[in-house]
Amino acid sequence: MEPNAISQKNEDASFELFRKTKIDAKKHTLYETLIDPRLDNLDFDERFTIFNGWQEDMALKRIAHHQRQGLNGCGVERTIFDPTTGNTKRMINFASNDYLNMTQHPSVINAGIKALQHYGAGAGAACNASGQTKIKSNLEKEISETFETERTLVFNSGYTTNIGVLTALLRSNDVAIVDMYAHSSIMDGVENRNKMLFKHNDMASLESVLRRADRQYANKIVIVDGVYSMDGDIANIPEISALCKKYNALLMVDEAHAFGVIGKNGLGILDHFNMPSETIDILVGTLSKAIGSSGGFVTGKKKIINYLEFASRTYLCTTAPFIASNATALEAIRIIKQDTERRKNLWKNINYFKLKLKQLSLNIGKTESGIFPIILADHNKVLEVTTIMGNNGVQACGIPYPLVPRKLARIRMTVTSEMTLDQLNKGYTELYNAIDTYDNSLTGSVVNDDAIQYQQTISKEKQQLISEERQSVLISKKEHTQTVKVERR
Ligand SMILES: Cc1ncc(COP(=O)(O)O)c(C=O)c1O
């Protein structure tokens, strides 16, 4: 088949191939090379050729950010190797969801090491076979106590939690009513089920969908994110839950970006709105963001969770989660419930960064969390600006279509608790410089830096303590490696 066959097959084809099978990766998005239904007309090999051509062009144009490799953990500052250039660079990490920097917390790391030593590398079987461990049960109990619910199940990831829960719940007379900006794991979970979308956080739209659904289906479930992953804004839970009651619908909320971050005690959306735990029927979340580990969970009434334990195939038919992840998550949850300074510092950083971005004439949407969408509405600009930022030592994520609507392509920057004033300023300054280098659109828009007051809440003593603890973990890791080597010999 000729390389430009897609254009020949369909005049509306949204991309043309370059002669040597390369697709202009600055021009064409992931959607066009992977998801566009017109690709269905091609055979497997043709599709692979197109996709590979797109990837190769990304590498040639130095915009293959996904190929970057961290040479150390997910810290505030990282050493990043880029195989497309062969360069290694220090970058400030504005591209993680490690809001409370728990991935690098010494006690959390120690808990993981201990669990590995005690339980070994893998669980060996699915939870319902013989893979359930005491530490996983303890973690589930801790989550239930945290959210004041009756029972919890911990899955391998947040993604598989949503898929498992939704596919288990939704049968032929049921309908999922989903906010149109809900996470892909929710969208994938309701795929091939009855579903209706409502406009993002729009209560009139939700009510009109509920009214229609009420006439057509026996059971309704409304599904929203607590904090939206690409926009950082917050679901209007008081009104959503009132509508659920009015139309007799269940409410499911994904707390992935809310747990640990929002609310007086960092316990998510209900804590934020000061509402009782019964408000949410099915609460799902992940242990991979503010908790700094991996795994997902669903929590709620015992009756529902007992059902999911056997009906969720992504729970039933898979090996139990990595035990060290259960241990690190458990330790992290216990820490963040006590160490309120961490969250206070996160919020100080969020508020400071928000004020700084607001000084520029940039569209940052309605964020109310540590997620900052910088909506540039231009695919190519997003790629170029993130590349320039990376070259200048700031790691940020480019978010193109189809992850967000085409006209809302953006850079996503996240702020974390341990970032210093200098690091925040560097993030902001390099964002500004990169946009201005690209199209001069920000010249003259920066106001006086001194106008914003910033005070670190993590004291010097505490920082010293953290670094001493880190040192001791490094030593214990080294000792462990030595022990393992000796045993092997
Ligand atoms: C809202 C939301 N739900 C679920 C997930 C999936 O969580 P995990 O990364 O643990 O699979 C994510 C992010 O990845 C998310 O942003």
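**Entry 1: terms and model**

I call a residue buried if 20 or more other C-beta atoms lie within 10 Å of its own, exposed if 12 or fewer, and partly exposed in between, with C-beta atoms placed from the backbone. I note that this is a predicted model, where local features need pLDDT of at least 70, side-chain atom pairs count only at pLDDT 80 or more, and totals for chains, interfaces and linings use all residues. Residues are numbered from 1 along each chain as its sequence is written.

**Entry 2: the chain as a whole**

I looked up the secondary structure and found 18 helices and 14 strands in the protein chain. Helices (H or I, at least four residues) and strands (E, at least two) are DSSP runs, numbered from the N terminus. Of the 489 residues in the protein chain, 43% are buried. I then looked at contacts, where two residues count if their C-beta atoms, placed from the backbone, lie within 7 Å. Among contacts with a separation of 6 or more, 70% join residues 24 or more positions apart.

**Entry 3: helix α14**

I checked the length of α14, residues 323-338.

How many residues of α14 are buried? I find 12 of its 16, so α14 is mostly covered. The list reads Ile323, Ala324, Ser325, Asn326, Ala327, Thr328, Ala329, Leu330, Glu331, Ala332, Ile333 and Ile336. The cover over these buried residues includes α4 (106-119), α6 (134-147), β4 (151-155) and α15 (340-359).

Asn138 is found in helix α6 and is partly exposed, with 13 other C-beta atoms within 10 Å. Asn138 and Asn326 are 188 residues apart in sequence, and their C-alpha atoms are 8.9 Å apart in space.

**Entry 4: two helix pairs**

Two packed helices are described by the angle between their axes and the distance between the axes. I take axes as lines fitted to C-alpha atoms, for helices over the stretch in contact, with angles from 0 to 180 degrees between N-to-C directions.

The axes of α4 and α14 come within 8 Å and cross at roughly 145°. The crossing of α4 past α14 is right-handed, a word used if the near helix is turned clockwise from the far one by less than a right angle, with left-handed for anticlockwise. On the α4 side I list Ser107, Val108, Ala111, Gly112, Lys114, Ala115, Leu116 and Tyr119, which meet Ile323, Ala324, Ala327, Thr328, Leu330, Glu331, Ala332 and Ile335 in α14. By class this contact has 11 nonpolar, three polar and two charged residues. The classes are Ala, Val, Leu, Ile, Met, Phe, Trp, Tyr, Cys and Pro as nonpolar, Asp, Glu, Lys and Arg as charged, and the others, Gly among them, as polar.

The second pair is α9 (residues 203-216) and α10 (residues 237-246), whose axes come within 11 Å and cross at roughly 15°. The two are therefore roughly parallel to each other; angles under 35 degrees count as such, over 145 as roughly antiparallel, 65 to 115 as roughly perpendicular and the rest as oblique. This crossing is also right-handed. The contact is made by Met203, Leu206, Glu207 and Leu210 of α9 with Glu239, Ile240 and Leu243 of α10. I count by class five nonpolar, no polar and two charged residues.

**Entry 5: Val284**

Leaving aside neighbours within four places in sequence, I find Val284 in contact with Thr161, Asn162, Val165, Met252, Asp254, Glu255, Gly296, Phe297 and Val298. Gly300 is 16 residues from Val284 in sequence and 8.9 Å away, C-alpha to C-alpha.

**Entry 6: loops**

Glu148, in the loop between α6 and β4, has phi near 55°, a positive value in a residue other than glycine. With 12 C-beta neighbours inside 10 Å, Glu148 counts as exposed.

Asn248 lies in the loop between α10 and β8 (250-254) and has a positive phi of about 55° although it is not a glycine. Asn248 is exposed, with 10 other C-beta atoms within 10 Å.

Which peptide bond did I note as cis? The bond from Tyr401 to Pro402 is cis, with omega near 10°. Pro402 sits in the loop between β13 (397-399) and β14 (410-414).
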